[in-house]
Every structure is written in C-alpha cells, then in structure tokens.
Amino acid sequence: MTTYYSGDRGSHSMTTSVTYSEFRRRWHINKFKKQLKQLCFLYSDSLRLTPFTAYSSFIIAMLGFFVTFLTAASFVLGTPTNPTDIVARACGNTPTPEEVLAAERQFAADRAAKSTDTYRPLSATLQVYFHVISEDSTPGGGNIPDDQIRKQMNVLNSDFSSATVTWNLVNITRTVNSDWFSNALPNTPEQTLMKATLRQGGPNDLNVYTVAFRPGVAGLGAPSSILGYATFPSDYHKKPSDDGVVILFSSLPDGATPHYNHGRTMTHEVGHWCGLYHTFQNGCEGEGDHVADTNAEASSAQGCPAGRDTCKQPGEDPIHNYMDYTYDTCMNSFTPGQIQRMSEQLRTYRGLS
Ligand SMILES: [Zn+2]
C-alpha cells in the first residue's frame with residue numbers, strides 16, 4: 001500500500017502529494033543544502049569572499065578531492081593506465097570442479113563408444129580461419145597486420161610440434177566493429193553474434209578471433225585482465241557456431257601488451273580448444289587437470305616463479321607449461337600426458353581419425 005504525504009514539516013512546505021520516502025528524500029536534500037550554505041558563509045566571512053565565490057570554490061575543491069581520490073584508488077588497485085597493459089594473466093576457461101567431474105564422466109563414455117583407437121599417437125594438419133576485429137583501420141585500433149599473424153602461426157606450429165599437430169592458415173577476415181572489439185567477452189551477446197556471423201568450417205577447423213576485451217564507456221572502462229578464452233571440444237555439438245578461440249589482439253608476437261606478447265596466449269587457448277584444462281584445475285585435490293604427468297598446483301602461477309611448489313604431492317609447480325598463467329617467455333612445453341589427452345579429445349569430439 002502506498003501512503004501519500006502533503007503539508008508542512010518544519011520549514012519544508014509541501015504543495016503536492018508525494019510518497020513518504022520521497023518526502024524524506026527531499027527533506028534530507030534541503031537539510032544538506034542549508035548546511036552547505038552555512039559552511040560557505042562561514043568560509044566567505046573568514047576570507048571576506050562573496051557567498052557565490054565561496055560556494056563555487058567549495059564545489060571545485062570537492063570535485064578536485066574526488067578526482068584525486070579516484071586516481072589514488074586506481075593506483076592502489078593496480079588498474080593499468082594503458083588499455084593494452086595486463087596486470088596478471090587471466091583466461092575465461094574456469095569450469096568448477098563439479099563441471100569438470102560431469103565432463104570427465106561423459107568423456108569416458110563418449111571415448112568408449114568410439115570405434116577408433118583414440119589412444120594412438122595423433123598426426124594431423126588442421127585448418128585455421130583468422131578473424132581480425134577492430135575499432136578502426138589502424139593497428140592500434142586492432143587491425144593487426146598480416147605479418148604479425150604469420151608470426152603468431154609460426155609460434156603456434158612450433159609450440160604444437162611435440163604434439164605432431166600442424167596448423168594451416170587458410171584465410172584472414174577483417175571486420176571493423178567497435179562493439180565486438182570492446183565487448184566480446186565470454187558468454188556475451190556480442191561474442192555470440194560475432195562468431196555466428198564469421199565462423200567457417202566444421203568441428204576440426206580452428207576459428208580465431210582477435211579483440212580488445214575493453215568493456216565500458218569508450219575510453220573510460222577499465223580494461224579486463226582477460227587474455228583469451230576458448231570452447232572445449234565437447235562443447236561443439238551443443239552449439240557449433242560458438243566454437244573457437246578469442247584472444248587479445250595485442251597478445252600476438254610484437255603486440256603492445258608487456259610480458260604477454262610472444263604469442264603464447266593463442267597456444268594456451270588452442271590447448272583448451274584441444275581439450276586441456278589449466279594445470280591448476282581443482283588445485284591440489286583429486287585428479288587435478290586429469291593429466292597424470294602435470295604436477296599438482298594449488299593456484300595459477302604469475303610471472304615466472306622458479307621453484308614454486310604449492311602442493312604436498314611430489315614435484316614443483318608446472319610453471320613452464322603452456323596451460324599455466326605465467327609470462328609468455330616462461331612457457332615452453334606440453335607434457336606427454338597432455339599430448340595424449342589432446343589426441344583422445346580431438347578423436348572423440350572433433351572427428352579426427
Ligand atoms: Zn586458460
């Protein structure tokens with residue numbers, strides 16, 4: 001039930017009917033205005049200023065204080081000032097332990113149902129469709145040159161050589177769309193539309209999208225710390241148009257993001273696309289990342305912390321593994337167990353024989 005108020009409360013005269021909450025709101029605003037005026041008059045008296053000058057300078061001083069506070073807060077929180085800077089690596093593929101358990105049960109059943117021997121070593125050449133999204137035609141606006149994409153493909157092929165998977169670049173598409181460029185984060189309508197519009201090929205064709213992950217009002221939104229995300233092979237049948245890898249445009253070789261500009265973000269995300277979890281998945285508990293020869297790791301490693309050892313199980317944390325969160329220059333390997341898992345996942349879910 002709504003109660004309407006009208007009449008006098010002290011010096012506050014109400015001429016129209018309003019709700020009680022609205023009445024209280026107006027009363028508090030008027031009280032604040034009076035106190036502000038009194039403060040300004042005191043201030044003007046002591047400095048012999050007119051009330052108007054005092055009132056204006058008080059507002060300017062408050063604004064100055066507010067801006068200073070925001071700047072200090074942003075410094076303390078470590079918010080990058082450059083949109084392409086990243087404070088720490090983050091990736092969008094973070095399934096819960098329950099989701100991993102359900103996916104692994106399904107994987108065991110799906111693998112068993114395959115007529116092919118999924119355990120045989122894999123040797124395959126897969127096709128790559130590279131989609132460059134930008135806000136304008138400049139490299140700084142996301143329109144990365146062909147040369148950088150070729151360098152990225154070289155890094156990817158070098159990193160996957162131990163897995164005997166070769167990646168063949170078929171074509172590069174270029175789309176100017178500032179909405180997709182800024183907002184194509186995991187599970188957003190922007191990423192869904194972007195992929196539905198541009199994706200090419202079937203279950204074993206890799207589609208890569210480069211964007212900025214810069215949500216918010218243009219120029220004012222804090223950049224996301226996310227470097228990329230990918231769909232897993234088992235996701236394909238649910239929504240084929242969503243399949244693919246999305247990465248930060250400045251993470252390519254020679255890109256503008258310090259520590260994460262040697263192309264290892266794409267290697268990491270393609271690892272997910274081939275069925276790998278993070279090395280720190282499930283922490284020190286249970287079967288971790290469901291790969292036997294990656295040492296257990298309580299949490300993601302940042303930078304390149306040599307000798308880090310966060311679990312009681314034997315062995316140091318796998319900080320040099322492509323599926324951890326360390327600097328690009330710190331990463332250099334997949335384990336034989338991860339290569340085996342990729343082979344099984346690609347054969348089970350991406351139609352490879
Ligand atoms: Zn990841």
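Residues are numbered from 1 along each chain as its sequence is written. Because the model is predicted, local features were considered at a pLDDT of at least 70 and side-chain atom pairs at pLDDT 80 or more, whereas totals for chains, interfaces and linings use all residues. The pLDDT is the predictor's confidence in each residue, from 0 to 100. Its mean over the chain is 82, and 73% of the residues reach 70 or more. Over residues 1-20 the pLDDT is below 50, and this stretch has 23 contacts in the model beyond near neighbours in sequence. Residues 65-81 also have a pLDDT below 50, with 7 such contacts. Two residues are taken to be in contact if their C-beta atoms, placed from the backbone, lie within 7 Å.

The chain contains 8 helices and 8 strands. These elements are DSSP runs numbered from the N terminus (helices, H or I, at least four residues; strands, E, at least two). Of the 353 residues, 35% are buried. A residue is counted as buried if 20 or more other C-beta atoms lie within 10 Å of its own, as exposed if 12 or fewer do, and as partly exposed in between, with C-beta atoms placed from the backbone. Among contacts with a separation of 6 or more, 62% join residues 24 or more positions apart.

Six strands form an open sheet of mixed pairing, in the order 3-7-8-6-4-5. Strand 3 and strand 5 stand at its edges with a single partner strand each, so one side of each lacks a neighbour in the sheet. Strands of a sheet pair through backbone hydrogen bonds, either parallel or antiparallel. Here, two strands are considered paired if DSSP finds at least two bridges between them. Strand 8 is joined to strand 7 by 3 bridges in the antiparallel sense, and glycine 228 has isoleucine 247 of strand 8 as its bridge partner. Strand 8 also pairs with strand 6, in the parallel sense, over 4 bridges; tyrosine 209 is partnered there with valine 246 of strand 8. Strand 6 in turn runs parallel to strand 4 (residues 124-134), to which 5 bridges join it, and valine 128 has leucine 206 of strand 6 as its bridge partner. Both faces of strand 8 are covered, with Val245 and Ile247 buried on one side and Val246 and Leu248 buried on the other.

A nonpolar core is defined as a set of buried Ala, Val, Leu, Ile, Met, Phe, Trp, Tyr and Cys residues joined through C-beta atoms within 7 Å. The largest such core has 50 residues, and Val208, Val211 and Val245 have the most contacts inside it. Not counting residues up to four places away in sequence, valine 211 touches Ile133, Trp180, Phe181, Ala184, Val246 and Phe249.

Helix 4 lies across strand 4 and strand 5, running at about 155 degrees to strand 5. For this angle, axes are lines fitted to C-alpha atoms (for helices over the stretch in contact), and values run from 0 to 180 degrees between N-to-C directions. Tryptophan 167 lies in strand 5 (residues 165-176) and is buried, with 20 other C-beta atoms within 10 Å. Apart from neighbours within four places in sequence, the contacts of tryptophan 167 include Leu126, Val128, Met153, Leu156 and Leu206. The C-alpha atoms of tryptophan 167 and leucine 156 are separated by 7.4 Å, the two residues being 11 apart along the chain.

In helix 7 (residues 264-273), 10 of the 10 residues are buried. These residues pack against strand 3 (90-91), helix 4 (146-159), strand 6 (206-211), strand 7 (226-230) and strand 8 (245-248). Just after helix 7, glycine 275 takes a positive phi of about 105 degrees.

The loop between helix 7 and helix 8 contains threonine 326, which is buried, with 24 other C-beta atoms within 10 Å. Beyond neighbours within four places in sequence, threonine 326 is in contact with Ala301, Gln302, Gly303, Cys304, Ile319 and Met331.

Helix 8 is mostly covered, with 12 of its 14 residues buried, and its buried residues pack against helix 3 (97-112). Just after helix 8, glycine 351 takes a positive phi of about 75 degrees.
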